[in-house]
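Q: Could we go through a few helices of this structure together?

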Amino acid sequence: MNAETKLYLEVAINSAVIYAFLVFAVGLIGRRQLGQLSSLDLVVLILLGSAVETAMVRANTSLTAGLVSATTLLTLNKLLTLAMTHSRRLRHLAGEGPLVLVHNGKFIQAHLDKLGLTRGDVVEAMRARDCASIEDVRYAVFEANGEVHIVTRPKAL
């Protein structure tokens, strides 16, 4: 194996390791849909890209190194997405899947904390669905797509 091929193999390996780290680290930190990102969240995402770029390409600024890194990231993302469609455990590890935020009018604070959401975020979702009181909520569920689904209690006649 010549030196150039070895370098590009190292770029691919570094990109794969960083990809795996970021997928699971971001999953642990919290999940919000893209439209819910704050300006601080966006700055962190941009800085993450900049912070890991040099390590991924081993300080090689050639077009080939960039293409190898990008191809590795896109391929791994596609493979992970396919694997997650078949594995509930993998979806859970990557922070995917629904999570109950309110059950029978009571907030589940541990789940809110895990997602980085506040009670105000849930109340905002309730208002958007014309639900005025937390006592009226049977379930509030944070869906995999980032939306909060509200199921209200039946109204007394």
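Predicted model: local features only at pLDDT ≥ 70, side-chain atom pairs only at ≥ 80, totals over all residues.

Q: Let us begin with helix 3. How many residues does it have, and how far does it reach?
A: Helix 3 covers residues 63-86, which is 24 residues, and its first and last C-alpha atoms are 35 Å apart. That is close to the 34 Å expected at 1.5 Å a residue.

Q: And which of the residues in helix 3 are buried?
A: Ala-65, Ser-69, Thr-72, Leu-80 and Met-84 are buried there.

Q: Why does Thr-72 count as buried?
A: Its relative accessibility is 14%, and buried means under 20%, so Thr-72 qualifies.

Q: What is Thr-72 in contact with, leaving aside neighbours within four places in sequence?
A: With those neighbours set aside, Thr-72 is in contact with Ala-12, Ser-15 and Ala-16.

Q: Changing topic to helix 6: which residues are buried there?
A: In helix 6, residues 119-128, the buried ones are Val-122, Ala-125 and Met-126. Viewed down the axis of helix 6, they fall within an arc of 105°, so they line one face of the helix.

Q: What covers those buried residues of helix 6?
A: The cover includes helix 5 (109-115) along with strand 1 (99-103), strand 2 (106-107), strand 3 (137-142) and strand 4 (148-152).

Q: Which exposed residues are on the face turned away from the buried side of helix 6?
A: That face of helix 6 carries Arg-127 and Ala-128, both exposed.

Q: One last point: what is the phi of Asp-130, after helix 6?
A: Asp-130, which follows helix 6, has a positive phi, near 55°.

Methods: Residues numbered from 1 in each chain as written. Heavy atoms only, no water. Helix = DSSP H or I, 4+ residues; strand = E, 2+ residues; numbered from the N terminus. Expected span 1.5 Å × (residues − 1). Buried < 20%, exposed > 50% of the residue type's maximum accessible area, 1.4 Å probe, protein only. Contact = heavy atoms within 4.5 Å. Arc of directions from axis to C-beta.
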